[in-house]
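Visitor: I am new to this structure, and I would like to be walked through a few of its side chains with some care. Could we look at it together?

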Amino acid sequence: MHVLSYHLPSTIRLNKWELLFTTRRDGYSNLTFFSKLEDMTETILVIKDSQGYVFGALTTEEWQNRNGFYGDGYSFVFTFKDGDDL
């Protein structure tokens, strides 16, 4: 979280972070994912693989189950290995 927060816009970095969805608690359903993130405009998706790589995205619009791109200039994707910088 420390590495990631350094790269976030200040308006997002200063917000209180809340875990909205995790597969351990919520399962693997797309419908559950979209339901849990409904009406959330600023979210951070973080995935860690078995090799220690972390990747994800900052989104600044509500998640939508549709084709095509959406977002604005603050949205971005990232990757890093545990202990490294983005």
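Visitor: Which residue does the side chain of Arg25 meet in a salt bridge?

Guide: This is a predicted model, in which local features need pLDDT of at least 70 and side-chain atom pairs count only at pLDDT 80 or more, while totals for chains, interfaces and linings use all residues. Residues are numbered from 1 along each chain as its sequence is written, and side-chain values use heavy atoms, with hydrogens and water left out. A salt bridge is a side-chain nitrogen of Lys or Arg within 4 Å of a carboxyl oxygen of Asp or Glu. At 3.0 Å, N to O, the partner that Arg25 meets is Asp26.

Visitor: Which residues are linked with Asp26 in a network of salt bridges?

Guide: The side chain of Asp26 also meets that of Lys36 in a salt bridge of 3.3 Å, N to O. This pair links distant parts of the chain, with Asp26 in helix 3 (residues 23–26) and Lys36 in helix 4 (residues 30–36), helices being DSSP runs of H or I with at least four residues, and strands runs of E with at least two, numbered from the N terminus. The residues linked with Asp26 in the network are therefore Arg25 and Lys36.

Visitor: Is Thr60 buried or exposed?

Guide: Thr60 is found in the loop between strand 2 (53–59) and strand 3 (76–81). Buried means under 20% relative accessible area, exposed over 50%, and partly exposed in between, with a 1.4 Å probe and protein chains only. Because its relative accessible area is 14%, Thr60 is buried.
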